[in-house]
Amino acid sequence: MGLPRLVCAFLLAACCCCPRVAGVPGEAEQPAPELVEVEVGSTALLKCGLSQSQGNLSHVDWFSVHKEKRTLIFRVRQGQGQSEPGEYEQRLSLQDRGATLALTQVTPQDERIFLCQGKRPRSQEYRIQLRVYKAPEEPNIQVNPLGIPVNSKEPEEVATCVGRNGYPIPQVIWYKNGRPLKEEKNRVHIQSSQTVESSGLYTLQSILKAQLVKEDKDAQFYCELNYRLPSGNHMKESREVTVPVFYPTEKVWLEVEPVGMLKEGDRVEIRCLADGNPPPHFSISKQNPSTREAEEETTNDNGVLVLEPARKEHSGRYECQGLDLDTMISLLSEPQELLVNYVSDVRVSPAAPERQEGSSLTLTCEAESSQDLEFQWLREETGQVLERGPVLQLHDLKREAGGGYRCVASVPSIPGLNRTQLVNVAIFGPPWMAFKERKVWVKENMVLNLSCEASGHPRPTISWNVNGTASEQDQDPQRVLSTLNVLVTPELLETGVECTASNDLGKNTSILFLELDSNTTTGLSTSTASPHTRANSTSTERKLPEPESRGVVIVAVIVCILVLAVLGAVLYFLYKKGKLPCRRSGKQEITLPPSRKSELVVEVKSDKLPEEMGLLQGSSGDKRAPGDQGEKYIDLRH
């Protein structure tokens, strides 16, 4: 009887325990695991939540739970830790007096449950859920380079967005012009796929497909990646892209640059524009003013008609024709009038006026233009405005009135549009010379380049009185410049050089005097007669000495003044000492010491300047009589 009772008690105890054992695998009554979040590559701190009694933490086993399978990865005995062989062998260590297990270099594969189990005084477990995160790289967006036609029957690929190396898989949102896009039947479709890299990270690829309309030609598309980190939710945006949208042409028109009033000489560009994409094939035509027929113009590779420089002949009616190569529909633009403003060649009458001195002259200026004209007359040599209007009146003409007069015809409303014409007025008369006489400083055996200028009407010719190489150059219709290359010789220094200008009404001469200059270096030298003044046949112009000769004269005068000052000081000193008695006879004698054997005579001529006094020294037997030359003098002797 005792044995059956014992078996029954055992079976009853076993039956009471069976429900608890069956409930362990589900763990429905156990608390939720503690959540620990870390980023890939960082260190995860797994803190065991068992009782902090010394007994519990001195004997702990750590497990990793993957697919409901426990794997022992670490042991703690008496406060000392030991890693088990396997994937975590080199990455685990104890911290916080054995209460925390540190897992370094966290990877996406480490996202699982970790469990710590204590054995003393009784078996206890504490679970930790490790979550791993990794921010994806900046999203890369690629637009469909082939473009999308608006007449497509189903959504076409717009762009592809790729987000690499993220964990877990990020979410993608597409935007058009800043507004999020959602799936829409037959209008918008988003197709996404993921790839697991060898590192355990995810690469996301999302393709946006949509049906577009003409208004989407400038639409901005971009994608956004949403992801989570231990710090919270984050997002990254791609750059904005525009997809080519193709739509048929509905209108063609002309455009002219520059905008505004055009003038001759401008660079003008005429181009065709259309509202279709791709644009149609363009051609530009101009209406022939005679036949009224449109004639095609030659354009450059870009279909632009370039008028450079623009001329008045380019004015007229232009139109553009566009041919859509897809539909083969031809469209014509509205005609546009092009006006190139101009000023015709200016005409002056008389064209070559000739007048006698004292007479009068009327100059008239004419021109045509597409706009109102203004006229003014200018003196060519000075630029002075003489008259505002087409007619210039000149009275009592002098020889100085000869020369250039310029008529300017301009359009005030269009800056830079003008034409001019120069007319030369000739006043009859014999030649005028640029100078009558001139001194040129030279050195013997040097080569000179002499010039001589004359003016008159009829045009004078110039000749030289010495042999050399001469050439003439017209300065204007009534003025000529002649140059002569000549070698300086002793004969040339004595005679000088003459140039003679002559015409049918007379002749005139200029003389160049050659003077030796010791400061001039040997070699080639050019001396040009300056036309700064004019001399007629009755006037004479003498050239002032060159700067070097004036300097020599000044130094000589200063030396003479200093000598006279010293002499005056000596005489005054002798007079004060009583050594120099004055006599009315005009002769004064001063007894010199016996040691002086010579006699000093100072003569002062009454009819000469003070600076021309001299010192004469002679012997005692070489005395002059006071009245020999009617001069006053001072006799200094023994």
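**The disulfides, pair by pair**

Modeller: C272 is buried, because its relative accessible area is 6%. Buried means under 20% relative accessible area, exposed means over 50%, and partly exposed lies in between (1.4 Å probe, protein chains only). Some ground rules come next. This is a predicted model, so local features need pLDDT of at least 70, side-chain atom pairs count only at pLDDT 80 or more, and totals for chains, interfaces and linings use all residues. Residues are numbered from 1 along each chain as its sequence is written, and side-chain values use heavy atoms, with hydrogens and water left out.

Back to C272. Its partner in a disulfide is C320, and the two sulfur atoms sit 1.8 Å apart. A disulfide here is a pair of cysteine sulfur atoms within 2.5 Å. The torsion about the S-S bond of C272 and C320 is about 135°, so this disulfide is right-handed. The pair links distant parts of the chain: C272 belongs to strand 22 (residues 268–274) and C320 to strand 26 (residues 316–323), 48 residues apart. Strands (E, at least two residues) and helices (H or I, at least four) are DSSP runs, numbered from the N terminus. C320 is buried too, because its relative accessibility is 0%.

Next, C365 and C407. Their sulfur atoms are 1.9 Å apart, in another disulfide. This link is left-handed, with -95° about the S-S bond. C365 lies in strand 32 (residues 361–366) and C407 in strand 36 (residues 403–410), so the bond ties together parts that are 42 residues apart in sequence. C365 counts as buried because its relative accessible area is 3%. C407 counts as buried because its value is 0%.

Then comes C452, joined to C499 with an S to S distance of 1.9 Å. The link of C452 and C499 is right-handed, with 55° about the S-S bond. C452 is in strand 40 (residues 447–457) and C499 is in strand 44 (residues 497–503), so this pair connects parts that are 47 residues apart in sequence. Both C452 and C499 are buried.

Now the whole set. The structure holds five disulfides. Counting bonded cysteines along the chain, the pattern is 1-2, 3-4, 5-6, 7-8, 9-10.

C560 counts as partly exposed, because its relative accessibility is 37%.
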